[in-house]
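Below are some comments on the model you sent, arranged as numbered points.

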Amino acid sequence: MGYLERKGDERPRLSAEWLLSSVTGLSRVELYTSFDRPLAPEELSRMHDAVERRGKGEPLQYVTGEMPFRHLIVRCAEGVLIPRPETEVLVDAALEAIDVALTAGVAYDDVECRRAARGEGRRSALKARVEELRLAAQPAEGELPNERTIDELMRCLSELEAQEKPAPSGVRALDLCTGTGCIALSLATERPGTHVLATDLSPKAVALATENRDRLDLVEAVDIYKCDLAAAVPDDLMGTFSVLVSNPPYIPSAVVPTLPEEVAGFEPHLALDGGPDGLDLFRRILDLAPRALAPAGWLCVELFEDNVNDAAELCRQQGGWASVEVREDLTRRPRVLVAQREA
């Protein structure tokens with residue numbers, strides 16, 4: 001901790017705990033209950049490298065390769081914006097939009113149809129494996145059942161049950177500038193049946209979001225496209241989205257160099273710089289919204305505290321919105337624009 005403190009880390013103890021947890025695979029509570037456990041040579045080497053990287057100012061999330069976000073742990077990597085706690089407020093707004101649409105009777109069977117089309121082979125393989133394991137689990141006379149076989153059988157039965165349980169109907173959501181995919185994956189996880197289309201211009205972001213999606217087994221629920229905004233979104237889906245959600249670049253260009261070195265020096269400027277007033281990309285999203293959203297659909301966008309009210313005024317000037325409001329983040333700063341299209 002002393003090394004990190006000398007290097008300017010504002011929270012050296014927290015950083016040390018986070019790094020040690022990543023290296024050992026132990027939770028922070030387990031670290032304290034296992035305080036006398038020595039590090040293996042490989043763990044010691046990895047810890048040394050991690051502390052050096054952190055000492056140079058590299059964000060913890062890049063060093064450890066992950067970040068908690070709502071109910072998920074998402075992978076993080078250099079070149080992709082790190083999820084922030086305030087973005088969880090944006091997800092809350094998007095979930096509210098989904099709930100309103102479901103209450104109004106908007107529902108598609110996209111996820112279930114895709115599961116059915118892609119999952120038949122997997123279900124057949126699981127059924128065959130279950131039968132094999134059932135036979136293998138029957139011990140010979142005088143022998144005890146093989147616990148590993150029984151454990152695998154239970155896992156296969158559980159997965160088979162999940163595969164055969166139909167996914168609920170849900171709405172369609174569009175997530176622009178997806179980054180790690182944390183927003184899209186949260187929507188699909190917390191509202192099963194939601195079909196989310198996520199896009200990003202960065203190849204690194206698309207690769208990382210795809211990795212996070214696959215690791216969370218959300219292939220049928222989340223599509224990820226490498227494109228500029230909605231350029232690759234199928235035309236037949238435009239106009240059917242109940243919510244368009246985005247955390248675009250929104251920092252005014254003149255403010256970017258004043259950000260903490262941990263941000264400005266390591267995170268991608270493509271995901272930070274929003275132009276002279278921070279609203280360059282927002283204006284394009286606003287132009288796209290009427291074509292993408294279904295009647296009464298919601299636009300939910302995270303923005304800079306100094307420009308979000310200007311963005312709200314742009315919505316009002318555009319017209320066609322039944323309501324426009326600005327919501328505060330966890331620190332009580334104006335952060336999230338929420339607008340609902342007229343029905």
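1. A salt bridge is taken here as a side-chain nitrogen of Lys or Arg within 4 Å of a carboxyl oxygen of Asp or Glu. The coordinates come from a predicted model, and with that criterion the structure holds 22 salt bridges.

2. How accessible is Glu-267, buried or exposed? Glu-267 has a relative accessible area of 4% and is therefore buried, the cut-off for that class being under 20%. Arg-84, by contrast, counts as partly exposed because its relative accessibility is 22%.

3. A second pair joins Arg-129 to Glu-132, with the closest N and O atoms 2.9 Å apart. Both residues belong to helix H7 (residues 110–136), and because they are three residues apart there, about one helical turn separates them. Arg-129 is partly exposed, at a relative accessible area of 29%, and Glu-132 is also classed as partly exposed, at 46%.

4. Glu-305, Asp-329, Arg-333 and Arg-335 should be read together, as they are linked in a network of salt bridges.

5. In what order do the seven strands of the open sheet run? The order is E5-E4-E3-E6-E7-E9-E8, and the pairing is mixed. Strand E5 (222–226) and strand E8 (321–328) are the edge strands, each of them pairing on one side only. On average, and with direction ignored, neighbouring strands of this sheet are turned by 15° against each other.

6. Helix H6 (residues 87–103) lies across strand E6 (241–246), strand E7 (293–302), E8 and E9, and runs at about 170° to E7.

7. Val-338 lies in strand E9 (residues 334–341) and is buried, with a relative accessible area of 3%. Apart from its neighbours within four places in sequence, Val-338 is in contact with Ala-93, Trp-298, Leu-299, Cys-300, Ser-323, Val-324, Glu-325 and Arg-327. Two of these contact partners, Glu-325 and Arg-327, form a salt bridge with each other, their closest N and O atoms being 3.2 Å apart. Glu-325 is partly exposed, at a relative accessible area of 36%.

8. The last point concerns two helices: H12 and helix H13 (residues 308–318) pack at an angle of about 35°, with their axes 11 Å apart, and their crossing is right-handed. Phe-282, Arg-283, Leu-286, Asp-287 and Pro-290 of H12 make the contact with Ala-311, Leu-314, Cys-315 and Gln-318 of H13. By class, this contact has six nonpolar, one polar and two charged residues.

Technical notes
Residues numbered from 1 in each chain as written. Predicted model: local features only at pLDDT ≥ 70, side-chain atom pairs only at ≥ 80, totals over all residues. Heavy atoms only, no water. Helix = DSSP H or I, 4+ residues; strand = E, 2+ residues; numbered from the N terminus. Buried < 20%, exposed > 50% of the residue type's maximum accessible area, 1.4 Å probe, protein only. Contact = heavy atoms within 4.5 Å. Pairing = 2+ DSSP bridges. Axes fitted to C-alpha atoms, helices over the stretch in contact; angles between N-to-C directions. Left-handed = near helix turned anticlockwise from the far one by under 90°. Nonpolar A, V, L, I, M, F, W, Y, C, P; charged D, E, K, R; others polar.
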